[in-house]
Amino acid sequence: MISTYQKPLAEVDQAREDHLAFVAGLEERGLSVTAGRQDPPTGGIILLDVDTEAEAQEIIAQDPYVVRGLATYAAVGWQISRGALAGYQRKY
């Protein structure tokens, strides 16, 4: 999921603690592989480990950034074929 901030960064950052807690919860549930802010900070990326785009959209709709109208997300499918994540195995 690739996010684009819809509000100024200062406003986004006011919700960052809640957003990071949301991402930590995804990690604990085995739904997030990795995440981070883009550079420059115009949005972020959350690599979800889910089976369908519908599931990804359902999960990301709960992100405080989305709930508060601070960011939108675009789903981009990806098949790992090389690199550090090439041997990635779902944990749950």
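**Exercise 1. The largest pocket**

Identify the residues that lie nearest the centre of the largest pocket in this predicted model, and describe its lining.

*Solution.* 
Step 1. The lining of the largest pocket comprises 20 residues, and those nearest its centre are Leu 47, Leu 48, Val 76, Gly 77 and Trp 78.
Step 2. The space in this pocket amounts to about 550 Å³.
Step 3. Strand 3 and helix 3 each contribute at least two residues to the lining. Strand 3 gives the most, with 4 residues.
Step 4. Sorted by class, the lining of the largest pocket holds 14 nonpolar, 3 polar and 3 charged residues.

**Exercise 2. The second largest pocket**

Determine which element supplies the largest share of the lining of the second largest pocket.

*Solution.* 
Step 1. The second largest pocket has a volume of about 180 Å³.
Step 2. Its lining consists of 15 residues; nearest the centre are Arg 16, His 19, Ala 35, Gly 36 and Arg 37.
Step 3. At least two lining residues come from each of strand 1 (2-5), helix 2, strand 2 and strand 3.
Step 4. Helix 2 supplies the largest share, namely 4 residues.
Step 5. By class, 8 nonpolar, 5 polar and 2 charged residues line the second largest pocket.

**Exercise 3. Ser 32 and Thr 52**

Classify Ser 32 and Thr 52 as buried, partly exposed or exposed, and locate each in the chain.

*Solution.* 
Step 1. Ser 32 belongs to strand 2. Its relative accessible area is 8%, and the cut-off for buried is under 20%; Ser 32 is therefore buried.
Step 2. With neighbours within four places in sequence left aside, Ser 32 is in contact with Leu 26, Glu 27, Ile 46, Leu 47 and Leu 48.
Step 3. Thr 52 is located in the loop between strand 3 and helix 3. Its relative accessible area is 42%, which lies between the limits of 20% and 50%; Thr 52 is therefore partly exposed.
Step 4. The C-alpha atoms of Thr 52 and Gly 77 are separated by 9.0 Å, with the two residues 25 apart along the chain.

**Exercise 4. Backbone geometry**

Describe the phi of Gly 30 and the peptide bond that joins Asp 39 and Pro 40.

*Solution.* 
Step 1. As a reference, most residues other than glycine have a negative phi, and most peptide bonds are trans.
Step 2. Gly 30, which follows helix 2, has a positive phi, near 75°.
Step 3. The peptide bond between Asp 39 and Pro 40 is cis, with omega about 10°.
Step 4. Pro 40 is placed in the loop between strand 2 and strand 3.

Conventions: Residues are numbered from 1 along each chain as its sequence is written. This is a predicted model: local features need pLDDT of at least 70, side-chain atom pairs count only at pLDDT 80 or more; totals for chains, interfaces and linings use all residues. Side-chain values use heavy atoms; hydrogens and water are left out. On a 1 Å grid over the protein atoms alone, a cavity is a set of points where a 1.4 Å probe fits but cannot get out, and a pocket is an open set with protein on both sides within 12 Å along at least five of seven lines; lining residues have an atom within 4 Å of a point. Grid points are joined across faces, edges and corners, and a volume is the space filled by probe spheres set on the points. Ala, Val, Leu, Ile, Met, Phe, Trp, Tyr, Cys and Pro count as nonpolar, Asp, Glu, Lys and Arg as charged, and the others, Gly among them, as polar. Buried means under 20% relative accessible area, exposed over 50%, partly exposed in between (1.4 Å probe, protein chains only). Contact means heavy atoms within 4.5 Å.
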